[in-house]
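Welcome! Please take a moment to look over the chain before reading on.

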Amino acid sequence: DARTTLKSRNLPEEAVTERVEALTQALGDPNLTNVALKTLETTLFEPTLEAIDTQFADQPLVRAQMLQTFATTTRELGLIELANDPQDEALAIRRTHLGDDAQKTLQSQWQLWSLNLYRGNLAEIDGHVAMLEKCKAAFGDDHPKTADALSDTGVFLQQQGRYEEAHQYLSEAIVISERILGKEHPDTLISVNQLGWLLRVMGRLEEREQYLRRA
(Lines give C-alpha, C1' and ligand atoms only; values in the text may rest on other atoms or scores of the structure.)
Protein backbone atom coordinates (compact mmCIF):
# COMPACT_ATOMS: atom_id res chain seq x y z
CA ASP A 1 0.00 0.00 0.00
CA ALA A 2 1.02 3.66 -0.05
CA ARG A 3 2.40 3.66 3.51
CA THR A 4 4.64 0.66 2.80
CA THR A 5 5.89 2.23 -0.43
CA LEU A 6 6.71 5.52 1.28
CA LYS A 7 8.42 3.79 4.20
CA SER A 8 10.65 1.93 1.75
CA ARG A 9 12.15 5.32 0.83
CA ASN A 10 13.34 5.76 4.43
CA LEU A 11 11.17 8.80 4.97
CA PRO A 12 10.49 9.99 8.52
CA GLU A 13 7.28 8.63 10.00
CA GLU A 14 5.82 12.15 10.14
CA ALA A 15 6.39 12.63 6.41
CA VAL A 16 4.90 9.21 5.63
CA THR A 17 1.78 10.00 7.64
CA GLU A 18 1.38 13.41 6.01
CA ARG A 19 1.57 11.97 2.50
CA VAL A 20 -0.78 9.09 3.25
CA GLU A 21 -3.33 11.55 4.65
CA ALA A 22 -3.02 13.70 1.54
CA LEU A 23 -3.51 10.65 -0.67
CA THR A 24 -6.52 9.52 1.37
CA GLN A 25 -8.08 12.94 1.01
CA ALA A 26 -7.49 12.88 -2.74
CA LEU A 27 -9.13 9.48 -3.07
CA GLY A 28 -12.29 10.96 -1.62
CA ASP A 29 -12.52 13.28 -4.63
CA PRO A 30 -14.97 11.97 -7.26
CA ASN A 31 -12.86 13.61 -9.99
CA LEU A 32 -10.42 10.88 -11.03
CA THR A 33 -8.12 13.39 -12.73
CA ASN A 34 -7.68 15.18 -9.41
CA VAL A 35 -6.99 11.85 -7.72
CA ALA A 36 -4.35 10.96 -10.30
CA LEU A 37 -2.65 14.36 -10.03
CA LYS A 38 -2.65 14.29 -6.24
CA THR A 39 -1.19 10.79 -6.32
CA LEU A 40 1.57 11.95 -8.66
CA GLU A 41 2.26 14.95 -6.45
CA THR A 42 2.55 12.83 -3.31
CA THR A 43 4.38 9.77 -4.60
CA LEU A 44 6.47 11.16 -7.47
CA PHE A 45 6.88 14.93 -7.66
CA GLU A 46 7.59 15.75 -4.03
CA PRO A 47 10.28 13.02 -3.71
CA THR A 48 11.74 14.14 -7.05
CA LEU A 49 12.07 17.71 -5.81
CA GLU A 50 13.76 16.50 -2.65
CA ALA A 51 16.22 14.46 -4.73
CA ILE A 52 17.05 17.44 -6.95
CA ASP A 53 17.74 19.61 -3.92
CA THR A 54 20.01 17.07 -2.22
CA GLN A 55 21.81 15.34 -5.09
CA PHE A 56 22.68 18.38 -7.21
CA ALA A 57 23.37 21.00 -4.57
CA ASP A 58 26.95 21.43 -5.83
CA GLN A 59 25.99 21.51 -9.54
CA PRO A 60 23.89 24.67 -9.84
CA LEU A 61 23.35 24.66 -13.60
CA VAL A 62 22.35 20.99 -13.65
CA ARG A 63 20.05 21.70 -10.73
CA ALA A 64 18.58 24.68 -12.57
CA GLN A 65 17.86 22.54 -15.63
CA MET A 66 16.12 19.90 -13.53
CA LEU A 67 14.15 22.49 -11.59
CA GLN A 68 13.03 24.10 -14.85
CA THR A 69 11.92 20.76 -16.25
CA PHE A 70 10.11 20.04 -13.00
CA ALA A 71 8.37 23.43 -13.01
CA THR A 72 7.32 23.17 -16.66
CA THR A 73 5.96 19.64 -16.22
CA THR A 74 3.96 20.38 -13.08
CA ARG A 75 2.61 23.61 -14.57
CA GLU A 76 1.41 21.80 -17.68
CA LEU A 77 -0.34 19.27 -15.43
CA GLY A 78 -2.08 22.06 -13.56
CA LEU A 79 -0.07 21.68 -10.33
CA ILE A 80 0.55 25.42 -10.15
CA GLU A 81 1.49 25.69 -6.50
CA LEU A 82 4.04 22.90 -6.88
CA ALA A 83 5.63 24.70 -9.84
CA ASN A 84 6.01 28.10 -8.15
CA ASP A 85 9.18 27.75 -6.07
CA PRO A 86 11.13 25.54 -8.53
CA GLN A 87 10.39 28.02 -11.34
CA ASP A 88 11.56 30.99 -9.30
CA GLU A 89 14.68 29.14 -8.20
CA ALA A 90 15.59 27.94 -11.70
CA LEU A 91 15.44 31.51 -12.98
CA ALA A 92 17.46 32.86 -10.05
CA ILE A 93 20.22 30.28 -10.55
CA ARG A 94 20.48 30.95 -14.27
CA ARG A 95 20.58 34.70 -13.76
CA THR A 96 23.40 34.30 -11.26
CA HIS A 97 25.52 31.88 -13.29
CA LEU A 98 24.64 32.75 -16.90
CA GLY A 99 23.44 36.35 -16.88
CA ASP A 100 20.12 37.97 -17.79
CA ASP A 101 20.48 37.69 -21.57
CA ALA A 102 21.57 34.05 -21.87
CA GLN A 103 19.23 31.79 -23.81
CA LYS A 104 18.55 29.49 -20.86
CA THR A 105 17.85 32.45 -18.60
CA LEU A 106 15.39 33.83 -21.13
CA GLN A 107 13.73 30.42 -21.37
CA SER A 108 13.21 30.37 -17.61
CA GLN A 109 11.98 33.94 -17.64
CA TRP A 110 9.48 33.06 -20.33
CA GLN A 111 8.32 30.00 -18.41
CA LEU A 112 7.78 32.22 -15.38
CA TRP A 113 5.58 34.41 -17.54
CA SER A 114 3.56 31.37 -18.57
CA LEU A 115 3.20 30.43 -14.93
CA ASN A 116 2.02 33.96 -14.13
CA LEU A 117 -0.68 33.51 -16.76
CA TYR A 118 -1.97 30.47 -14.90
CA ARG A 119 -1.83 32.49 -11.69
CA GLY A 120 -3.98 35.14 -13.36
CA ASN A 121 -1.26 37.79 -13.12
CA LEU A 122 -1.21 39.72 -16.38
CA ALA A 123 -0.29 43.12 -14.96
CA GLU A 124 3.18 43.08 -16.48
CA ILE A 125 2.16 42.29 -20.04
CA ASP A 126 3.93 45.28 -21.56
CA GLY A 127 7.18 44.35 -19.84
CA HIS A 128 6.87 40.85 -21.26
CA VAL A 129 6.25 42.18 -24.75
CA ALA A 130 9.57 43.98 -24.40
CA MET A 131 11.14 40.73 -23.21
CA LEU A 132 9.81 39.05 -26.35
CA GLU A 133 12.12 41.26 -28.38
CA LYS A 134 15.05 40.02 -26.29
CA CYS A 135 14.01 36.45 -27.00
CA LYS A 136 13.83 37.13 -30.73
CA ALA A 137 17.30 38.66 -30.59
CA ALA A 138 18.71 35.72 -28.63
CA PHE A 139 17.15 32.89 -30.63
CA GLY A 140 16.62 34.48 -34.03
CA ASP A 141 13.49 34.49 -36.16
CA ASP A 142 13.84 30.89 -37.31
CA HIS A 143 13.60 29.13 -33.95
CA PRO A 144 10.73 27.25 -32.27
CA LYS A 145 11.24 29.25 -29.06
CA THR A 146 10.60 32.46 -30.96
CA ALA A 147 7.41 31.05 -32.47
CA ASP A 148 6.24 29.86 -29.04
CA ALA A 149 6.95 33.25 -27.51
CA LEU A 150 5.02 35.05 -30.24
CA SER A 151 2.07 32.70 -29.88
CA ASP A 152 1.99 33.08 -26.09
CA THR A 153 2.17 36.85 -26.39
CA GLY A 154 -0.80 36.80 -28.75
CA VAL A 155 -2.86 34.76 -26.30
CA PHE A 156 -2.02 37.04 -23.39
CA LEU A 157 -2.84 40.17 -25.40
CA GLN A 158 -6.16 38.62 -26.40
CA GLN A 159 -7.03 38.10 -22.75
CA GLN A 160 -6.46 41.79 -22.18
CA GLY A 161 -8.76 42.72 -25.05
CA ARG A 162 -5.92 43.96 -27.27
CA TYR A 163 -7.18 42.04 -30.26
CA GLU A 164 -5.38 43.71 -33.14
CA GLU A 165 -2.01 43.31 -31.42
CA ALA A 166 -2.85 39.71 -30.56
CA HIS A 167 -3.69 39.04 -34.21
CA GLN A 168 -0.31 40.40 -35.27
CA TYR A 169 1.66 38.16 -32.91
CA LEU A 170 -0.33 35.01 -33.61
CA SER A 171 -0.08 35.53 -37.36
CA GLU A 172 3.68 35.95 -37.10
CA ALA A 173 3.94 32.82 -34.95
CA ILE A 174 2.12 30.80 -37.60
CA VAL A 175 4.37 32.05 -40.40
CA ILE A 176 7.51 31.09 -38.47
CA SER A 177 6.12 27.72 -37.37
CA GLU A 178 5.07 26.81 -40.88
CA ARG A 179 8.51 27.73 -42.19
CA ILE A 180 10.63 25.86 -39.63
CA LEU A 181 8.30 23.10 -38.40
CA GLY A 182 5.82 22.58 -41.22
CA LYS A 183 2.12 23.24 -41.72
CA GLU A 184 1.01 20.02 -40.02
CA HIS A 185 3.22 20.24 -36.94
CA PRO A 186 1.23 20.26 -33.66
CA ASP A 187 2.84 23.52 -32.51
CA THR A 188 1.84 25.20 -35.77
CA LEU A 189 -1.72 23.97 -35.44
CA ILE A 190 -1.97 25.15 -31.83
CA SER A 191 -1.27 28.68 -33.05
CA VAL A 192 -3.71 28.21 -35.93
CA ASN A 193 -6.40 27.19 -33.46
CA GLN A 194 -5.64 30.13 -31.17
CA LEU A 195 -5.93 32.54 -34.08
CA GLY A 196 -9.27 30.97 -35.00
CA TRP A 197 -10.65 31.65 -31.54
CA LEU A 198 -9.29 35.19 -31.59
CA LEU A 199 -11.07 35.85 -34.89
CA ARG A 200 -14.28 34.56 -33.31
CA VAL A 201 -13.95 37.13 -30.51
CA MET A 202 -13.25 39.82 -33.12
CA GLY A 203 -16.43 38.89 -35.00
CA ARG A 204 -14.55 37.85 -38.14
CA LEU A 205 -16.48 34.60 -38.43
CA GLU A 206 -15.73 33.60 -42.03
CA GLU A 207 -11.99 33.88 -41.40
CA ARG A 208 -12.38 32.11 -38.10
CA GLU A 209 -14.02 29.07 -39.69
CA GLN A 210 -11.14 28.33 -42.06
CA TYR A 211 -8.59 28.40 -39.22
CA LEU A 212 -10.64 26.21 -36.91
CA ARG A 213 -11.42 23.72 -39.69
CA ARG A 214 -7.71 23.52 -40.48
CA ALA A 215 -6.78 22.98 -36.83
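## About the model

This is a predicted model, in which local features need pLDDT of at least 70 and side-chain atom pairs count only at pLDDT 80 or more, while totals for chains, interfaces and linings use all residues. Residues are numbered from 1 along each chain as its sequence is written, and side-chain values use heavy atoms, with hydrogens and water left out.

## The chain as a whole

The protein chain has 11 helices and zero strands. Here helices (H or I, at least four residues) and strands (E, at least two) are DSSP runs, numbered from the N terminus. Of the 215 residues, 40% are buried. Buried means under 20% relative accessible area, exposed means over 50%, and partly exposed lies in between (1.4 Å probe, protein chains only).

Among contacts between residues at least 6 apart in sequence, 51% join residues at least 24 apart. A contact means heavy atoms within 4.5 Å.

## A look at helix α10

Helix α10 covers residues 186-201, and its 16 residues should span 22 Å at 1.5 Å a residue; the end C-alpha atoms are 23 Å apart, which agrees. The expected span is 1.5 Å times one less than the number of residues. Just after α10, G203 takes a positive phi of about 80°.

Which residues of α10 are buried? They are T188, L189, S191, V192, L195, G196, L198 and L199. Their cover includes α8 (144-159), α9 (163-180) and α11 (205-214). Beyond its neighbours within four places in sequence, L195 is in contact with H167, L170, S171, I174 and Y211.

## Q111 in helix α6

Q111 sits in helix α6 (residues 103-119). With a relative accessible area of 17%, Q111 is buried. Leaving aside neighbours within four places in sequence, Q111 is in contact with Q68, T72, R75 and Q87.

## Charged pairs

Side chains of opposite charge can pair when their charged atoms come close. The structure holds 10 salt bridges, each a side-chain nitrogen of Lys or Arg within 4 Å of a carboxyl oxygen of Asp or Glu. One of them joins E89 and R63 (2.5 Å, N to O). E89 lies in helix α5 (residues 80-98) and R63 in helix α4 (residues 60-76), so the pair ties together parts 26 residues apart in sequence. E89 is partly exposed at 31% relative accessible area, whereas R63 is buried at 14%. D53, R63 and E89 are linked in a network of salt bridges.

Another salt bridge brings together the side chains of R179 and D142 (2.6 Å, N to O). This pair links distant parts of the chain, with R179 in helix α9 and D142 in the loop between α7 (125-139) and α8, 37 residues apart. R95 and D100 also form a salt bridge, their closest N and O atoms being 3.6 Å apart. R95 is partly exposed at 38% relative accessibility, and D100 is partly exposed at 43%.
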